[in-house]
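I opened this entry to record what I looked up, working from the overall fold down to single residues.

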Amino acid sequence: MVWIVLIVSGILETVWAAALNAARGFTRVGPSVLFVVALVASMAGLSYAMRSIPIGTGYAVWVGIGAIGTAVYGMVALGEPATAARLVCLGLIVAGVVGLKVLH
C-alpha cells in the first residue's frame, strides 16, 4: 500500500509541474489552484510513504516518477523534442527507480 501511495504521489508531482507551467507565473487561476492542490497531495503522500520507506529510496523514486512524467508530458503535450538520447536518459531513470524498488 505504501508503494502505491508513493507512486501516486510521484504522478501528482507531474501534475503540479504541468500546472505550474500552465499557471504562467500564477496569472491563471485554474492552473494555479490545481498546482497547489496537487503539490499538497503529492507532499502528503510522500510524507506518508516515508514512514515505511527509507528517505533515500522514497525520495529518489518520487522524484524519478515526477521527472519522467513531466518529461513525457512535455514531449507529448507541449511538443518538446523526443530525441533518441533523451529517451535513453529517461530509460536510465526508469531503470534506477525500478532498481531502487527491487533492492528495497
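I take helices (H or I, at least four residues) and strands (E, at least two) as DSSP runs, numbered from the N terminus. I note that this is a predicted model, in which local features need pLDDT of at least 70 and side-chain atom pairs count only at pLDDT 80 or more, while totals for chains, interfaces and linings use all residues. Residues are numbered from 1 along each chain as its sequence is written, and side-chain values use heavy atoms, with hydrogens and water left out.

**Overall fold.** I find four helices and zero strands in the protein chain, and its elements run α-α-α-α from the N terminus on. The C-alpha trace spans about 40 × 35 × 15 Å along its principal axes. I count contact as heavy atoms within 4.5 Å; of the contacts with a separation of 6 or more, 63% are between residues 24 or more positions apart. Of the 104 residues, 33% are buried, where buried means under 20% relative accessible area, exposed over 50% and partly exposed in between (1.4 Å probe, protein chains only).

**Loop between α1 and α2.** I looked up phi here, since most residues other than glycine have a negative phi. R24, which lies in this loop, has a positive phi of about 50° although it is not a glycine. F26 is found in the loop between α1 and α2 as well, and its phi is positive at about 60°, again without being a glycine.

**α1 against α2.** For axes I use lines fitted to C-alpha atoms, for helices over the stretch in contact, with angles running from 0 to 180 degrees between N-to-C directions. α1 and α2 pack at an angle of about 155°, with their axes 8 Å apart. That makes α1 roughly antiparallel to α2, given that angles under 35 degrees count as roughly parallel, over 145 as roughly antiparallel, 65 to 115 as roughly perpendicular and the rest as oblique. Their crossing is left-handed, a term for the near helix being turned anticlockwise from the far one by less than a right angle, with clockwise giving right-handed. The residues of this contact divide into 19 nonpolar, four polar and one charged; here Ala, Val, Leu, Ile, Met, Phe, Trp, Tyr, Cys and Pro count as nonpolar, Asp, Glu, Lys and Arg as charged, and the others, Gly among them, as polar.

**α1 against α3.** α1 and α3 pack at about 40°, with their axes 8 Å apart, and are therefore oblique to each other. I note a right-handed crossing for this pair. The contact includes W3, L6 and W16 of α1 and V61, W62 and I65 of α3, and its residues divide into 12 nonpolar, eight polar and one charged.

**Core.** Which residues have the most contacts inside the largest nonpolar core? They are W3, L6, W16, A49, I53, V61 and W62, in a core of 14 residues, where a nonpolar core is a set of buried Ala, Val, Leu, Ile, Met, Phe, Trp, Tyr and Cys residues joined through side-chain atoms within 4.5 Å. α1 (2-23), α2 (29-49) and α3 (55-77) each supply at least two residues of this core, and α1 gives the most, with five. Not counting residues up to four places away in sequence, L6 touches L46, A49, I53, G58, V61, W62 and I65.

**S42.** S42 is buried, with a relative accessible area of 0%. Leaving aside neighbours within four places in sequence, S42 is in contact with S9, L12, E13, W16 and W62.
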